[in-house]
Structure formats: C-alpha cells, structure tokens
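The following report looks at metal sites, aromatic pairs and helices in turn. Please read it alongside the sequence and the structure shown here.

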Amino acid sequence: MQYYLNHFLSGWQSLAQQITHPNWGNFFWLLVAVSAVVLLLEVILPWRKKQRLARPQLGQDIFYMFFNMFFFPLMGYATLSHFCATQLQTWGFVEDLRGLVPLQLLPAWLQLVLLFVARDFIQWNVHVLLHRVPFFWKLHEVHHSSETMSFPVHLRYHWAENILYAIPEYFLLLVLGRSVNDLFVIYAASLFIGHLNHANLRLPWGFLKYIFNTSELHLWHHAKQIPRRYGVNYALSLSIWDYLFRTVYAPPQPPAAIGLADEPRFPKSFLRQLIWPFGSDSRSR
Ligand SMILES: [Zn+2]
Ligand SMILES: [Zn+2]
C-alpha cells in the first residue's frame, strides 16, 4: 500500500514540476508546443476551408488529450504498470529476453531509427487488432467516433488502449535492452506525426507519403463508409506497413463523411464512453 501511495504521490508531484518548469524535455510542454504548432498550421493552411475551429466535440477531444497523456496514468495506471513490470522481471524467461538484440553495438542515431521503426510496426499490428477483434473494436470506437477531423482527435481514445499498446512496447524495450526513458525523442516524433495526420491540413509530402502517414490516408481510415470490412490505412507514423501489407487505400478524393457508420447508438458523454465497451448495448459489427 505504501508502495502505491508513494508512487502515486510522486507521479502527481512530477506533473506539477513539469507544468511549473516549462522546457523542451518534459511531456506536458512538449504536448502544448506540438499542439500549438499544428493549430497554427491549421489556421494558416486549412485543408477543408469550411471546417470551423470551434467544432462539436472539440472540448471533449482536448479533455481526452490531457486525460490519456497525464491524468489516466496518474490515477493509478502508472503505478500498476510499474509494479507489473517489476514483478515480470522476477520471472526467469522474461529476464532471459533482456538485451537479446544487442542494439548498443550500433551508432546512436541508427539505434534510434531502428527503435522508432520497430515500435511503429508493433503499434501498426496492435491497431489492426483493434479493428479485427470485436471487443477491441468496441474500445477503438471512441477514437473513430469523431465526426470532424482535427489534431486533438489524435489522442481521443479509450483508456484501455494505453494498456494494449504498452504490453508489446514493454517486451520490445526488454528485448532491445532499452528503457522507457530512451523513448522521449521517439514519443515526440510520433506525437508530431500523429497530430499532423489528424489535422485539417494537406502537406506536400511528395514521395515521403510512401514512408510517413499523411492526413489524406488517415482521413480514409476514419471514413464513415469504410472501403473494406475491417478498414484501411492502419498506419500510425509510418505508412510503409500499409503499402507492404496491401492495406492502403488512397483514392484522389476525400471520403464523403467520417465517424462511425452507426453513430446514433454511440454515447456522447465522456463517462458513458469509458464504460461503453463493457455494456450490453454495444455490439460488434
Ligand atoms: Zn483505427
Ligand atoms: Zn485516427
């Protein structure tokens, strides 16, 4: 109990420290800075010119952004995951996995690139499962419930997705002999790319669209009438996986509408959305 209490309190103290000491090395101000840059781009170069900045769900999307990044971890999730990771390390087979791939033999920049690519590929697979496993889709409906696309939709997702993405990431770091602290630059890059591909922006990516996810591709991922049964364009940061596995869909025109096909049954309030996947009135497609 004391362990939980100490970890819980130090988490809140750390957030307070981040807020009161702005710098490029902390997550709170990183989120604020990246959001401000992308917001400015949306204002100067809007893709869908008729889309208003003050759109429905904006307040809820912003709340989700801070809830998923800061409040949910501090409500006990960070403490619990730290505890689970500590327990797992006492298991022999888990310890045998540590540092199995000797990444440290490579130059630092290459280690970072490989970690970014490997993490993104794992996340792409988790995202595919979120669309294909009926219960996971119920969780993921929160992300797809937005009817207007703008950068705050990036972090609009059900709290349980934090857990589904964190488990394989834990094993990836273990096998590569790295810690979460090594991921800050990768988190920052993923945050920026994710904000950009949810934003009301169309940037001239050129041939880079075959490597990095774009707003055109991701808008089709959120289409109300999805072109294939389980969806298309699962990319988070890198679009290469969709090209490689033929899940890409890139027609020249944008979709007619975005959101859930059967949207009226989806709850509007944040609290009801949290428990929605566990209720009897949610049904799989
Ligand atoms: Zn999705
Ligand atoms: Zn999305």
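## Histidine 198 and its surroundings

Leaving aside residues up to four places away in sequence, histidine 198 touches His143, Met149, Ser150, Phe151, Val153, His154, His218 and His222, where contact means heavy atoms within 4.5 Å. This is a predicted model, in which local features need pLDDT of at least 70 and side-chain atom pairs count only at pLDDT 80 or more, while totals for chains, interfaces and linings use all residues. Residues are numbered from 1 along each chain as its sequence is written, chains are lettered from A and ligands numbered from 1 in the order in which they are written, and side-chain values use heavy atoms, with hydrogens and water left out.

Histidine 198 belongs to helix α8 (residues 184-198); helices (H or I, at least four residues) are DSSP runs and are numbered from the N terminus, as are strands (E, at least two). With a relative accessible area of 4%, histidine 198 is buried, on a scale where buried means under 20% relative accessible area, exposed over 50%, and partly exposed in between (1.4 Å probe, protein chains only). The side chains of histidine 198 and histidine 218 are joined by a polar contact of 2.9 Å. Such a contact is a pair of N or O atoms within 3.5 Å; within protein, one must be able to donate a hydrogen and the other to accept it, and residues adjacent in sequence count only if both atoms are side-chain atoms.

Donors are taken as N, O and S atoms within 2.8 Å of the metal (3.2 Å for Na, K and Ca), and because water is not among the atoms, sites may look incomplete. The two sites are set out below.

| Ion | Protein donors | Donor distances | Sequence spacing |
|---|---|---|---|
| zinc ion (ligand 1) | His127 (NE2), His131 (NE2), His140 (NE2), His144 (NE2), His221 (NE2) | 2.1 to 2.3 Å | H-x3-H-x8-H-x3-H-x76-H |
| zinc ion (ligand 2) | His143 (NE2), His198 (NE2), His218 (NE2), His222 (NE2) | 2.0 to 2.1 Å | H-x54-H-x19-H-x3-H |

The zinc ion (ligand 1) and the zinc ion (ligand 2) lie 5.7 Å apart. Histidine 127 is in helix α5 (residues 108-132) and histidine 221 in helix α9 (residues 215-221), so this pair ties together parts that are 94 residues apart in sequence; both histidine 127 and histidine 221 are buried.

The site of the zinc ion (ligand 2) is irregular, with angles of 88 to 158° among its 4 donor atoms. Four donors count as tetrahedral if all angles lie between 85 and 135 degrees; four count as square planar and six as octahedral if opposite donors are over 155 degrees apart and all others between 65 and 115; anything else is irregular. Here histidine 198 in helix α8 and histidine 222 in the loop between α9 and α10 (240-244) link distant parts of the chain, 24 residues apart, and histidine 222 is buried, as is histidine 198.

Helix α5 has 25 residues and reaches 36 Å from its first C-alpha to its last, close to the 36 Å expected at 1.5 Å a residue, the expected span being 1.5 Å times one less than the number of residues. Among the buried residues of α5 are His127 and His131 together with Phe116, Trp124 and Leu130, and the cover over the buried residues of α5 includes α6 (134-144), α7 (160-175), α8, α9 and α10.

The 18 residues of α2 should span 26 Å at 1.5 Å a residue, which agrees with the 26 Å between its end C-alpha atoms. At the start of α2, a side-chain oxygen of asparagine 26 comes within 3.1 Å of the backbone nitrogen of phenylalanine 28. The buried residues of α2 include Phe28, Leu31, Val38 and Glu42.

## Aromatic pairs

Rings of Phe, Tyr and Trp (its six-membered ring) pair if their centres lie within 6.5 Å; planes under 30 degrees apart count as stacked, over 60 as edge-to-face and the rest as tilted. By this rule the count comes to 23 aromatic pairs. In one of them, the rings of phenylalanine 28 and phenylalanine 70 have their centres 5.5 Å apart and their planes at 50°, so the pair is tilted. This pair links distant parts of the chain, since phenylalanine 28 is in helix α2 (residues 27-44) and phenylalanine 70 in helix α3 (residues 58-88), 42 residues apart. Phenylalanine 28 and phenylalanine 70 are both buried. One aromatic cluster is formed by Phe121, Trp124, Tyr234, Trp241 and Phe245.
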